[in-house]
Amino acid sequence: LSQGDMGRSYLPKTDVATLIMARLPASLLLMAAGIAAELVIGLAMGVIAALWRGRAVDSGLMMTSFVTVSAPQFVVALLLLYIFAVKLGWFPIGGYGTAAHLVLPALTLGILGSGWYARIMRSSMIEVLRADFIRTARAKGLSPARVIFVHTLRNALIPVLTVVGLQVGTLMGGAVLTETIFSWPGISKWLIDAIGRRDYPVVQNGILLVATLVILTNFLVDILYGVANPRIRVQ
């Protein structure tokens, strides 16, 4: 393994490292785009819900987040495919190679994961908004936008960063239906197919790859904790 020798796949009789490198860029691209979509949708919902807590907007957004985390992956994927690819023709039905091919798969993952971020961000924002340093910032006459986006949002991101670290493993190994529906040449479906045909070298090294990415991502998240909140670097 230290020499890059991951063995040979039983079925195609090809080096596993070659097979992984052929699919890894597509999986990393989909994972990054999916997490970006989750953050954009979820953080926006969470911030708005926190600022309007206890009102109809808050209740509506939290109900929406409940629906998104409960919706089956294939339902969301097929619905987006039918509306934006079949009926409107804005995006290709499936495949890989251009930015247009990435939009619907990433949006599918973004919608499904946004509810978790929305709920976590709302709770974290509400807690930070009640902190003494936020009252001090308002008492000093800072604008509401500066209080929210500079002081509150930055300190509320710590729990969100934790979820991002956990999502890496989920999206690398759990986006099987999305990759299947959109014909995306990623690692998730490839691993499931390898399990079905008992291609053990592929399964072992694929799981090792996903586990390594999760460890590296969580290490990066630990570093980002200190960037988001300088007090963590002092402790």
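In helix H6 (residues 144–156), the residues Val147, Ile148, Thr152 and Ala156 are buried, where buried denotes a relative accessible area under 20%, exposed over 50% and partly exposed a value in between (1.4 Å probe, protein chains only). Because the buried residues of H6 fall within an arc of 90° when seen down the helix axis, they line one face of the helix; the arc is that of the directions from the helix axis to the C-beta atoms. An α-helix has 3.6 residues a turn, so residues three or four places apart point the same way.

The model is predicted, and local features were required to have pLDDT of at least 70, side-chain atom pairs counting only at pLDDT 80 or more, while totals for chains, interfaces and linings use all residues. Residues are numbered from 1 along each chain as its sequence is written, and side-chain values use heavy atoms, with hydrogens and water left out.

The protein contains eleven helices and zero strands, helices (H or I, at least four residues) and strands (E, at least two) being DSSP runs numbered from the N terminus. Along its principal axes, the C-alpha trace spans about 70 × 50 × 25 Å. Of the 235 residues in the protein, 41% are buried. Among contacts with a separation of 6 or more, 71% are accounted for by residues 24 or more positions apart, a contact being defined by heavy atoms within 4.5 Å.

Helix H6 packs with helix H5 (residues 132–139): the two axes come within 11 Å and cross at roughly 170°. Axes are lines fitted to C-alpha atoms, for helices over the stretch in contact, and angles run from 0 to 180 degrees between N-to-C directions. The crossing angle makes H5 roughly antiparallel to H6; angles under 35 degrees count as roughly parallel, over 145 as roughly antiparallel, 65 to 115 as roughly perpendicular and the rest as oblique. On the H5 side the contact is made by Phe133, Ile134, Ala137 and Arg138, and on the H6 side by Val147, His151, Thr152 and Asn155. Classified by residue type, this contact comprises four nonpolar, three polar and one charged residues. In this classification Ala, Val, Leu, Ile, Met, Phe, Trp, Tyr, Cys and Pro count as nonpolar, Asp, Glu, Lys and Arg as charged, and the others, Gly among them, as polar. The loop between H5 and H6 holds Ser143, which counts as partly exposed at 38% relative accessibility.

The largest nonpolar core has 43 residues, of which Met121, Met125, Met172 and Ile187 touch the most other members. Such a core is a set of buried Ala, Val, Leu, Ile, Met, Phe, Trp, Tyr and Cys residues joined through side-chain atoms within 4.5 Å. Two or more residues are given to this core by each of helix H1 (16–51), helix H4 (99–129), H5, H6, helix H7 (158–174), helix H9 (187–196) and helix H10 (200–228). The most is given by H1, with twelve residues. Leaving aside neighbours within four places in sequence, Met121 is in contact with Leu43, Gly46, Val47, Leu153, Ala156, Leu157 and Val160.

Another core, of eight residues, lies apart from the largest one and includes Val76, Leu80, Leu104 and Phe182. Leu80 is located in helix H3 (residues 73–87) and counts as buried at 8% relative accessibility. Beyond neighbours within four places in sequence, its contacts are Ala85, Leu104, Leu107, Thr108 and Ile111. Thr108 is also contacted by Thr178, as are Gln73, Pro105 and Leu109, again leaving aside neighbours within four places in sequence. Thr178 belongs to helix H8 (residues 176–181) and, at 1% relative accessibility, counts as buried.

Two loop residues show backbone angles of note. Most residues other than glycine have a negative phi. Ser183, although not a glycine, has a positive phi of about 50°; Ser183 is placed in the loop between H8 and H9 and is partly exposed at 49% relative accessibility. Its C-alpha atom is separated by 48 Å from that of Ser143, 40 residues apart along the chain. Arg198, in the loop between H9 and H10, likewise has a positive phi, near 55°, and is exposed, with a relative accessible area of 55%.
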